[in-house]
Amino acid sequence: MSGDGLLVVGVDGSDASSRALRWALAEARRRSTSVLAIMAWESHAVMSGPAPMLLRPEMAPHEIHNRRREELARVVREARAGAANPEVQAELVEGSAAEVLVDNSADAAMLVLGDRGHGRFGGALGSTALKCAHKARCPVVIVPAGVELDDDDVGRGEEQIINDPVLG
């Protein structure tokens, strides 16, 4: 998958990121390009001998990695809704979400994000979206709440959506 025209989408399993992925899929169809869905993950486990893994094995880094990989595959599968196009590559990358997305924006035509993630803080935008908007090396589209694509829009082939709910 080349970077020419590539749409990079930040995915964290939230409703906002699923909405952004669906929007990016429809936009990629219009542009005849591909999508890179990226989910970042961080292991916050502090291991000191085998005791922590014996007490809470679900917190072991390999378990967290496996759960996130399954979640990414599920989100992409649901967003595609059985459509064959566009080409979608899903990547699970260890690191801070904002840093991973900014790094991947260097080769992208566009970085697509939801307006809110799984963060705990209120505000107009989530912290990852704010950091990416300031540091990304390509245009950033933030798909706001209330923008929902019909199933027809998600599965549409060559037809154009006349009034895009985000770009107009």
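## Basis of the description

Residues are numbered from 1 along each chain as its sequence is written, and side-chain values use heavy atoms, with hydrogens and water left out. As the model is predicted, local features need pLDDT of at least 70 and side-chain atom pairs count only at pLDDT 80 or more, while totals for chains, interfaces and linings use all residues.

## Overall fold

The protein chain holds six helices and five strands, arranged along the sequence as β-α-β-α-α-β-α-β-α-β-α. These elements are DSSP runs numbered from the N terminus: helices are H or I with at least four residues, and strands are E with at least two.

Of the 168 residues, 42% count as buried; buried means under 20% relative accessible area, with a 1.4 Å probe and protein chains only. Among contacts (heavy atoms within 4.5 Å) between residues at least 6 apart in sequence, 75% join residues at least 24 apart.

## The sheet and its helices

The five strands form an open sheet in the order 3-2-1-4-5, with parallel pairing. Strand 3 and strand 5 (140–143) are the edge strands, each pairing on one side only. Two strands pair if DSSP finds at least two bridges between them; strand 1 and strand 4 are joined by three bridges, and Val-8 has Leu-111 in strand 4 as its bridge partner.

Helix 1 lies across strand 1, strand 2, strand 3, strand 4 and strand 5, at about 150° to strand 4. Helix 5 also packs on the sheet, where it touches strand 4 and strand 5 and makes about 160° with the direction of strand 4. Such angles run from 0 to 180 degrees between N-to-C directions, with axes fitted to C-alpha atoms, for helices over the stretch in contact.

In helix 4 (residues 97–105), the residues Ala-98, Val-100, Leu-101, Val-102 and Ser-105 are buried. Their cover includes strand 1, strand 2, strand 3, strand 4 and helix 5.

## Val-11

Val-11 lies in the loop between strand 1 (7–10) and helix 1 (15–31). Val-11 is buried, with a relative accessible area of 3%. Beyond neighbours within four places in sequence, its contacts include Ser-17, Leu-21, Ile-38 and Leu-72.

## Confidence

The mean pLDDT, the predictor's confidence in each residue from 0 to 100, is 82 for the protein chain, and 72% of residues reach 70 or more. Confidence is highest in strand 1, at 98, and lowest in helix 6 (residues 151–155), at a mean of 51. Over residues 155–162 the pLDDT is below 50.

Conventions:
Buried means under 20% relative accessible area, exposed over 50%, partly exposed in between (1.4 Å probe, protein chains only).
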